[in-house]
Amino acid sequence: METPPLVAPDPHDPAHRLVTFTHRDDECDGVLALLHTVTDKDRHDGDLTPHLMARRDDGTWSITYRLRADHRASYQLYPFRGDAPGTTRSDWLRVLDHARPDPYDTEPRLPARDGRHPASVLSLPDAPPQPYVRRRQGVPRGRTVPHTVARRRVDVHLPAEHGDGPHPVVVLLDGEMWGEVLSVGDTLDNLAAAGAIPPTVALLVHTMGPERPADLSCNPAFVDLLADRLLPWAATEFGATTDPAGTVIAGQSAGGLTAAYAAYRRPDRFGNALSQSGSFWWPDETEFDEGSEWLTRQFATGERRAARFYVEVGLQEWMLLTQNRHLRDVLWARGYDLAYREFNGGHDYACWRGGLADGLAHLLGNGTPPGTAT
């Protein structure tokens, strides 16, 4: 029977759900379920067996996960012929290149880039709401225009109500993903129309090319380029504010690390940092004589900066959770204005797109992000 994921109560624990995925494929020898970050963790441990679907009597494949009722994740299915896929990096990249969305899903899918297939999205009943993600009917639409600044591609999203300004400004790293793939302009337009943020200029900086490892590793030259070239240009061309209190820099993963570093290095320009699943482990001890978690130690020992922070991380992010908690504790101990949230999900745009909206509403509006830790 072709059905969407079946969500049932856990008879032993009301805080959890039993989620069953099914798939029909009469020609494959097995089906691997890719539940974002959850499957990847076992792949890192060298064992994908817990995510192989079982063949049922009616010929369908199925697998059941026990998940907390607030879990959100993108997911895909990978039917295969022959042996089950291995766990090497090359094996995993091959899986990611060919995995497909659940044909029986019910939620709008998460788009992908680089020729990969979109992903399905599972949002259990208690997952944080994401009211601003999808395009809304009747909302005035802004426009996004491509530019090049200092040989960097920057897509600028202008609000529907774009007067002379000054307007708050958001520098959003990995702009080619957020703009071209995820249509973050819809989120910004929805936020502005709802009064959650003022009309805001967004600078979607492309950072997913070959320079990414250098740019997004606490690189002073890159942050200074954003502060001294990009922001003055946006002020002149689009009426973006020059007030650091109205300026947000946002990023995910290495971009989350860079957002926090920008507020540390240049609080004169970046008064707000929005970090999602930040790579605060950086650098590996083998790369840097001073050891790992370098930025957290700078916040612990350096002069306190005039900056505000919104930091979130997923409970499934086993490689990042401890380090983000370390940063949280340091920022609170130093008296920083910090909103901190842990969501039950992974390293996943399905989670980040809602968290981005919540973070912008908190930093630029008057809202308190749901689920903020105390």
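Start by selecting Ser183, which sits in the loop between helix 3 (175-181) and helix 4 (184-193). Helices here are DSSP runs of H or I with at least four residues, strands are runs of E with at least two, and both are numbered from the N terminus. The model is a predicted one, in which local features need pLDDT of at least 70 and side-chain atom pairs count only at pLDDT 80 or more, while totals for chains, interfaces and linings use all residues. Residues are numbered from 1 along each chain as its sequence is written, and side-chain values use heavy atoms, with hydrogens and water left out.

Most residues other than glycine have a negative phi, and most peptide bonds are trans. Ser183 has a positive phi, near 55°. Its relative accessible area is 33%, so Ser183 is partly exposed; buried means under 20%, exposed over 50%, and partly exposed in between, with a 1.4 Å probe and protein chains only.

Ser253 is buried, because its relative accessible area is 17%.

Now select Gly165 and Pro166. The peptide bond from Gly165 to Pro166 is cis, with omega near 5°, and Pro166 lies in the loop between strand 9 and strand 10. A cis bond also joins Trp282 and Pro283, where omega is about -5°. Pro283 belongs to the loop between strand 13 (272-276) and helix 8 (294-301).

**Glu161**

Return to the loop between strand 9 (152-158) and strand 10 (169-173) and select Glu161. Glu161 counts as exposed because its relative accessibility is 61%. Leaving aside residues up to four places away in sequence, Glu161 touches His167 and Pro199, where contact means heavy atoms within 4.5 Å. For a distance check, pick the C-alpha atoms of Glu161 and Arg143: they are separated by 10 Å, and the two residues are 18 apart along the chain.

**Aromatic pairs**

Show the rings of Phe, Tyr and Trp. Rings pair if their centres lie within 6.5 Å, using the six-membered ring of Trp; planes under 30 degrees apart count as stacked, over 60 as edge-to-face and the rest as tilted. Searching the whole structure gives 13 aromatic pairs. One of them is the tilted pair of Phe21 and Tyr75, at 4.7 Å centre to centre with 50° between the planes. This pair links distant parts of the chain, with Phe21 in strand 2 (residues 16-23) and Tyr75 in strand 6 (residues 72-80), 54 residues apart. Phe21 counts as buried at 2% relative accessibility, and Tyr75 counts as buried at 4%.

Then select Tyr349 and Trp352, whose ring planes stand at 80° with centres 4.9 Å apart, so the pair is edge-to-face. Both residues lie in helix 10 (residues 349-364), three residues apart, about one turn of the helix. Tyr349 is buried at 15% relative accessible area, and Trp352 is buried at 3%.

Tyr264, Phe299, Phe309 and Tyr336 form one aromatic cluster. A charge sits over a ring if NZ of Lys or CZ of Arg is within 6 Å of the ring centre and within 35 degrees of the ring normal. Arg328 likewise lies over the face of Tyr340, at 5.0 Å from the ring centre.

Switch to cartoon view. Four strands form an open sheet in the order 1-2-5-4, with antiparallel pairing; two strands pair if DSSP finds at least two bridges between them. Strand 1 (6-9) and strand 4 (54-55) stand at the edges with a single partner strand each, so one side of each has no neighbour in the sheet. Strand 1 pairs with strand 2 in the antiparallel sense over four bridges. Select Pro9 to find Arg17 of strand 2 opposite.

**Cavities**

The structure holds two cavities of 30 Å³ or more. A cavity is a set of points on a 1 Å grid over the protein atoms alone where a 1.4 Å probe fits but cannot get out, and lining residues have an atom within 4 Å of a point. Grid points are joined across faces, edges and corners, and a volume is the space filled by probe spheres set on the points. The largest cavity holds about 80 Å³ of space. It is lined by 14 residues, of which Arg72, Pro128, Gln130, Phe343 and Cys351 are the closest to its centre. Strand 15 (337-343) and helix 10 each supply at least two lining residues of the largest cavity, and helix 10 gives the largest share, four residues.

Notes:
1 Å grid on protein atoms, 1.4 Å probe; cavity = no way out; pocket = protein on both sides within 12 Å on 5 of 7 lines; lining within 4 Å.
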